[in-house]
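Hi,

Here is the structure I promised to pass on. Have a look at it first, and then read my notes below.

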Amino acid sequence: MQLPIYSSDEEQLLMSRLWDPRIADDPEAFVLFAFPWGQVNTPLAKFKGPRQWQRDVLRTIKTHIQTNRGQIDMATLREAVSSGRGIGKSALVSWLILWMLTTRIGSSVVVSANSESQLRSVTWGELTKWQAMIINAHWWEISATKLVPAKWVCELVERDL
């Protein structure tokens, strides 16, 4: 079971930063804040951030959120990426899953793939890699097919509601 790694004041600060609309409604800002880009002794030490095409997709989502703010009949965002292997599609999907689950309390995300094998080996493998690096990794308990809030997070949310 994951336990808090910060003091209660630090945890409160982390929550307020992650749930601030400037990050919660901007997936690019979330990805830049939540992962250790450029930090020594991390897998991202040599990277400044997402690739340009990934940033473009994240910015499209931000614009979509802004455009639909307050709308009752919201437009559906459809985004497709066609490419070869190894360019970061699964990384982008992982960031979006973690962004949604982090910034929308009680949300759920359904992920599909062409086959169960692809879902388990490629998509889920990438998700577990990014979940281990995210600033709030201790919020989640991950298994072979689920990423769920850690028990202590559920108890904290229930207590504060």
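To start you off: does Trp19 count as buried, exposed or partly exposed, and at what relative accessibility? Trp19 counts as partly exposed, at 31% relative accessibility. For these labels, buried means under 20% relative accessible area, exposed means over 50%, and partly exposed is in between (1.4 Å probe, protein chains only).

Before the rest, some housekeeping. This is a predicted model, so a local feature needs pLDDT of at least 70 and a side-chain atom pair counts only at pLDDT 80 or more, while totals for chains, interfaces and linings use all residues. Residues are numbered from 1 along each chain as its sequence is written, and side-chain values use heavy atoms, with hydrogens and water left out.

The overall picture

The protein chain has seven helices and two strands, in the order α-α-α-α-α-α-β-β-α from the N terminus on. Both kinds of element are DSSP runs numbered from the N terminus: helices are H or I with at least four residues, strands are E with at least two. Of the 161 residues in the chain, 35% are buried. The chain exposes about 10200 Å², with carbon and sulfur atoms supplying 54% of that (Shrake-Rupley method, 1.4 Å probe; for residues, only the protein chains shown count as cover). Among contacts with a separation of 6 or more, 59% are between residues 24 or more positions apart; contact here means heavy atoms within 4.5 Å.

The largest nonpolar core has 29 residues, and the members that touch the most others are Phe30, Val31, Phe35, Trp37, Trp95, Trp130 and Ile134. By nonpolar core I mean a set of buried Ala, Val, Leu, Ile, Met, Phe, Trp, Tyr and Cys residues joined through side-chain atoms within 4.5 Å. Helices 1, 3, 4, 5 and 6 each supply at least two residues of this core, and helix 5 gives the largest share, seven residues. As for Val31, if you leave aside its neighbours within four places in sequence, Val31 is in contact with Trp37, Pro50, Leu58 and Trp95.

Aromatic pairs

There are five aromatic pairs. The rule takes rings of Phe, Tyr and Trp (its six-membered ring) with centres within 6.5 Å; planes under 30 degrees apart count as stacked, over 60 as edge-to-face and the rest as tilted. Trp19 sits in helix 1 and Trp139 in the loop between helix 6 and strand 1, so the pair ties together parts 120 residues apart in sequence. Trp139 counts as buried, at 4% relative accessibility.

Another pair is Trp95 with Trp130, which is edge-to-face because the ring centres are 5.2 Å apart and the planes are at 85°. Here helix 5 (Trp95) is linked to helix 6 (Trp130), across 35 residues, and both residues are buried. Phe35, Trp37, Trp95 and Trp130 form one aromatic cluster.

Salt bridges

The whole structure has six salt bridges, each a side-chain nitrogen of Lys or Arg within 4 Å of a carboxyl oxygen of Asp or Glu. Arg104 and Asp25 meet in one of them, at 3.0 Å, N to O. That pair links distant parts of the chain, 79 residues apart: Arg104 is in the loop between helix 5 and helix 6, Asp25 in the loop between helix 2 and helix 3. Asp25 is buried at 16%, while Arg104 is partly exposed at 25%.

Asp20 also pairs with Arg22, with the closest N and O atoms 2.7 Å apart, and Arg22 is exposed at 64%. Within helix 6, Lys129 and Glu126 lie three residues apart, about one turn of the helix, and their closest N and O atoms are 3.1 Å apart.

Asn41 lies in the loop between helix 3 and helix 4 and is exposed, with a relative accessible area of 77%.

Cheers
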